[in-house]
Amino acid sequence: MKKVLLPVFYLPPISWFSVFLDPENEIIFEQYESFPKQTFRNRTNIYGANGKLSLIIPINHNGKREFKDIEISYREDWMSIHWKSIKTAYQSSPYFEFYEDKFKVLYEVKEKYLLDFNLKSIDIIQKILKTEKAQSLNEEYIKNPEEISFREQFSPKIPSVFDMEEYYQTFTDKHGFLKDLSIIDLICNKGPESVTYIKNIK
């Protein structure tokens with residue numbers, strides 16, 4: 001087993017799950033890092049009618065910097081906006097109706113902390129994928145950890161380095177294949193085949 005340090009994302013990209021679910025990897029989640037802006041820690045990318053759509057969770061700027069202490073802001077009703085966007089994007093996909101109720105749960109309880117909300121999103125996805133990958137949280141921030149670190153590995157600004165096969169997406173006819181979106185995109189379009197697809201990612 002390789003020890004792997006993974007950042008905790010909001011409905012993570014498909015490539016994140018290929019690392020997370022790899023049977024060779026023992027997963028440790030990073031909770032003590034200083035919160036970096038403009039990452040998947042508080043955003044997820046879905047496939048909307050006009051192409052890639054970023055859903056961003058607003059955070060409270062209260063001076064706290066460690067990821068575990070980052071609080072979600074509810075000054076605007078972003079939960080219903082995110083849920084409506086997901087529903088609009090995927091309601092005509094082959095599998096959305098099968099998983100709709102499970103996804104919806106994520107937007108029914110206001111978690112105080114971003115970490116808890118993200119962990120809940122990962123938990124919901126595991127239930128849908130019927131996977132039971134164990135993970136633990138780290139106990140301190142180490143600049144050069146002994147684990148293989150993926151803290152910097154996934155970025156909304158840089159194209160994904162992971163090889164993945166194209167699959168049919170709801171709006172492929174309009175905008176072509178969009179690679180490495182949120183895991184939700186894969187689940188809604190591939191359904192029960194999603195785990196096999198993830199395992200084949202290099």
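Two residues are in contact here when they have heavy atoms within 4.5 Å of each other. Keep that in mind as we look around this predicted model.

Let's start with Phe 103. Skipping its neighbours within four places in sequence, Phe 103 touches Trp 83, Phe 96, Ile 125, Ile 128, Ile 184, Ile 187 and Cys 188. Phe 103 also belongs to the largest nonpolar core, which has 61 residues; Leu 6, Ile 86, Phe 103 and Tyr 107 make the most contacts inside that core. The biggest share comes from helix α4 (residues 114-129), with eight residues. In soluble globular proteins, nonpolar side chains tend to be buried together.

Now for helix α3 (residues 96-105). Its buried residues are Phe 96, Tyr 99, Glu 100 and Phe 103. Why do they lie on the same side of α3? Because they cover an arc of only 140° around the axis. An α-helix has 3.6 residues a turn, so residues three or four places apart point the same way. The buried residues of α3 pack against α2 (78-90), α4 and α6 (183-190).

Four strands make an open sheet with parallel pairing, in the order β5-β2-β1-β6.

| Edge strand | Residues | Partner strands |
|---|---|---|
| β5 | 135-137 | a single one |
| β6 | 148-149 | a single one |

With a single partner each, β5 and β6 have one side left without a neighbour in the sheet. Strand β1 (residues 2-7) pairs with β6 in the parallel sense over two bridges, and Leu 5 stands opposite Ser 149 in β6.

Note on methods:
Residues are numbered from 1 along each chain as its sequence is written. This is a predicted model: local features need pLDDT of at least 70, side-chain atom pairs count only at pLDDT 80 or more; totals for chains, interfaces and linings use all residues. Side-chain values use heavy atoms; hydrogens and water are left out. A nonpolar core is a set of buried Ala, Val, Leu, Ile, Met, Phe, Trp, Tyr and Cys residues joined through side-chain atoms within 4.5 Å. Buried means under 20% relative accessible area, exposed over 50%, partly exposed in between (1.4 Å probe, protein chains only). The arc is that of the directions from the helix axis to the C-beta atoms. Two strands pair if DSSP finds at least two bridges between them.
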